[in-house]
Amino acid sequence: MRAAANPHHNAPPALPFVHDADTPAIRVRGLRNAFGDQVIHDGLDLDVRRGEILGVVGGSGTGKSVLMRSIIGLQVPQAGEVEVFGVSTLGPADTDAQRDIRRRWGVLFQGGALFSTLTVAENVQVPIREYFPAISDALLDEIAAYKVVLAGLPANAGPKYPSELSGGMIKRAALARALALDPALVFLDEPTAGLDPISAAAFDELIRDLADTLGLTVLLITHDLDTLHTVCDRVAVLADHRVIAIGTIDELVASDHPWIAEYFLGPRGRAAMDARTRHHDMNDDGV
Amino acid sequence: MSLTPDFSIDGDDGAATLRLSGRLTLARFDSIHDRLHAALAEHGGIAAIDLGDVVRIDTVGAWMVSRLAATTGARIIAASAEAKVLIDAVGRSDQPVAIRPEPVFPLVRITREVGTSVIDTFAELKGLLSFFGEALIATLALWRHPQRIRWNAVFTGFEAVGVNALAIIGLMTFLIGVVIAQQGAVQLRQFGLEVFTINLVGRTSIRELGLLMTAIMVAGRSGSAFAAQLGTMKLTEEVDAMRTIGVSPMEALVLPRVFATLLMMPLLGFYAAMTSMIGGGLFCWYGLDIPPLTYIALLRDIIPMTDMWAMLIKAPVFGIVVAITGCYHGMQVKSNAEEVGRRTTDAVVQGIFLVIVLDAFFAVFFTAIGWQ
C-alpha cells in the first residue's frame, strides 16, 4: 500500500555516503518553546529517518515553522535537545562541527528569502563561495549554471533579479540555493504556498524527483494536502504542543484522533485522496 | 581506499581509460578539477571513464564526469546505480546559463543613466506638484464638509511632529545660538563692536536660522516618518483596503499629517528662535559681561516686527513642503520593502532641498519689499 502511495518511489534510495546509517537525520527530544505565556511546544519528540520525506502538518499556530526554526538553530528552545546527523544544533554557531552541519542542510524559506541585490545564479553561488572560497569564479559559474537548470528554472532565469521573477520561479530559485552545497538534508517551509495549482503540482513533482535523484532527506512543512499525498513518505501531525502521530497517510487515517480524521477525511482531504487514487490508477494503466 | 579524490590515466592515446577514485564531492573538488584538466590536455583523448573506485559522488562530481564524457566522447563504466541517476540528471541540466546581466558599454550606460535621471527628476517634480494639487482639492472638499476632518489624527500629528520634537530642537538651536554669539564676538571684537553680537544673534535667530534648523529637523524626523509609515501601509495593502472601503487615503492619512506639520512649524520655529536667543544671551552674559536684562532690552530695540512676520509667513510654507514631500514619497512606494528605504531617503533629501531653495526666494523677496 505504501509503495502504491508513491508510484515513482518504491524504496528510499541509499545515500551516496553515510557515516552511520542508524542515527536518524534529525532527532528531537523533549523540545519546549514558549513565547511569554503562550506555550508552543512542550515535550515534543520527533525522529526523521535518513532518506525519507517527512511532511509536518498541524493547525495554524501549532508551531510548525517554530519547530523548523528550532531544528536549524534560528530559534533557541527553552528546553530539549535537537540533533542533526547526531550533532546537537544548539551550541554556538561558529564551531567547526556547527559549520559542518550547516553545510549539510539547505533551507527553503516560505517567501524564498533570495538576496534581492544578487541575480538568481549569484544567489546560488553565495553558499558555495562561503564554504569553498578556493573554487575559481569560472568553475563557480559552471556549477551555478547546472544548479539553476536542475531546480527546474529556464536557462534565461540565471541573470534575472528576484524582483523580476514570478512566485513559482522564486520558489525554484530558492530551492536551487538550498541545494547549492549538495546537502543531505533539506528543509522546505510551505513550498507550494501561494502557487497556482499547476505550478504547485509541478513543484511537488520537482521535489519528489530531486529527492529521489539526490538521495535527500526532506522535512517539509505544508498545508497542501496534495503535496502530502504525492510527495511525503511519512507525515507528522503537530497538536497539543507535540507530535501526536507520525506515519504514512494510510496509518494516520486509520488512527482515531478527531483532528487527524477531520484533516485527512474532511472534504478537502477526501478530494486530495481521490486525486491520488485516480493518479495512481492512471499510472497503473500506463504500465 | 583513500577518500581524497584522485585519478590515473592508463592506456594509449585515443583508447585510454581515466580511472577516478575517492570522493568526487564539492568539498574536495578544487583539488582535482584543475589537475585533471591539465593532465587530460597533456594526454590527448580518452575512451572510457571508470568510476569503479569512486567512494561518493555528488552533483558537482556528476557534473564533472558528464561534462568530461560529453566533451571527450568517452564511455562511463563501472558507475554505481546512484551515480548513474545523478550523472544523467545533471547531464540533462548542463546548459549554458548566464550568471549576471550583460554588461553595458560604459559610455552608453552613463549616457543612459544621465538621460533617465533627467527624465525621472522632471517626472518626480510633476508628481510632487500634482500630489500637492490633489491635496489642495481634498482640502477644499474638507472645507465644505468640516465634519470629515480627522481631528484625532491631527492631534496625534501635533504630538509626533511638535511636542516630541521640542527637546531635540531646543537643544540644537540653543547650541547654535551659543556658537553664533561666540563666532560673531570673535570677529566683531576686532572692530570693538562686540555689542553688535546681540544684533547678530537676535536677527538671525528670528528671521532665518531658528526656523531653517527647525524645518531641517522636522524633515529629518517627521518627513522621513511620514514616508516610511505611508510606504509600509502601501506595501501591506492597507491603503488599498482603505480605498475599497471608501475612505480616501488623502483625507485619512495625508491631510492630517500636512495640517499637523503646517500648524506646528510656526510654533516650533518661534520656540527655536527663543532657545537660540537664550543660548546667545548666556554667551553674552558669560563671555561679554552683558547682563540678561540689558540683553533683553537691547533685543527689543534691535529686532523689527517684520522679522517676526517673515518667520511666521515662511513657517507654514516650510511645513507644507516637508509634509507633502514625505507623504508623496510614502504614497509612491510600490512592490518591495527596499523601496520604502529609498523613498524615505528621497523624502528627507528633497524636503530639505526644497526648504532651502524656498528660503532663498523668501530672503530675496522680503528684502525687495523693504523688510530689511
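Q: Which residue takes a positive phi just after α2(A)?
A: That's A:G73, with a phi of about 85°. This is a predicted model, where local features need pLDDT of at least 70 and side-chain atom pairs 80 or more, while totals for chains, interfaces and linings use all residues. Residues are numbered from 1 along each chain as its sequence is written, and chains are lettered from A and ligands numbered from 1 in the order written.

Q: And is α2(A) mostly covered or uncovered?
A: Mostly covered: α2(A) spans residues 64–71 of chain A, and 6 of its 8 residues are buried (20 or more other C-beta atoms within 10 Å of the residue's own; 12 or fewer is exposed, in between is partly exposed, with C-beta atoms placed from the backbone).

Q: Which ones are buried in α2(A)?
A: A:K64, A:V66, A:L67, A:M68, A:S70 and A:I71.

Q: Zooming out, how many helices and strands does chain A have?
A: 11 helices and 10 strands, taken as DSSP runs numbered from the N terminus (H or I, at least four residues; E, at least two). Chain A has 287 residues, and 44% of them are buried.

Q: Where is A:G111 in all that?
A: A:G111 sits in a loop of chain A, between β6 (105–108) and α4 (120–131). A:G111 has 13 C-beta neighbours inside 10 Å, so it counts as partly exposed. The C-alpha atom of A:G111 is 8.9 Å from that of A:D189, though the two are 78 residues apart along the chain.

Q: New topic: which residues have the most contacts inside the largest nonpolar core?
A: A:V148, A:V218 and A:L220, in a core of 102 residues. A core here is a set of buried Ala, Val, Leu, Ile, Met, Phe, Trp, Tyr and Cys residues joined through C-beta atoms within 7 Å.

Q: What does A:L220 touch?
A: Leaving out residues up to four places away in sequence, A:L220 touches A:I53, A:L54, A:G55, A:V56, A:L188, A:P191, A:V231 and A:C232. Contact means backbone-placed C-beta atoms within 7 Å. Another core lies apart from that one, with 55 residues, among them B:I180, B:M213, B:A219 and B:V322.

Q: How many residues of chain B are in contact with chain A?
A: 28 residues of chain B, and they meet 29 residues of chain A. On the chain B side, α1 (30–43), β3 (48–57), α2 (59–72) and α3 (81–93) each supply at least two residues. α3(B) gives the most, with 6.

Q: What classes are they on that side of chain B?
A: 15 nonpolar, 6 polar and 7 charged. Ala, Val, Leu, Ile, Met, Phe, Trp, Tyr, Cys and Pro count as nonpolar, Asp, Glu, Lys and Arg as charged, and the others, Gly among them, as polar.

Q: At what angle do α4(B) and α11(B) pack?
A: About 105°, with the axes of α4 (residues 106–144) and α11 (residues 305–332) 10 Å apart. That makes α4(B) roughly perpendicular to α11(B) (65 to 115 degrees; under 35 is roughly parallel, over 145 roughly antiparallel, the rest oblique). Axes are lines fitted to C-alpha atoms over the stretch in contact, and angles run from 0 to 180 degrees between N-to-C directions.

Q: Which residues make the contact?
A: B:G127, B:L128, B:F131, B:F132 and B:A135 of α4(B), plus B:I324, B:T325 and B:Y328 of α11(B). They divide into 6 nonpolar, 2 polar and no charged.

Technical notes
Two residues are in contact if their C-beta atoms, placed from the backbone, lie within 7 Å.
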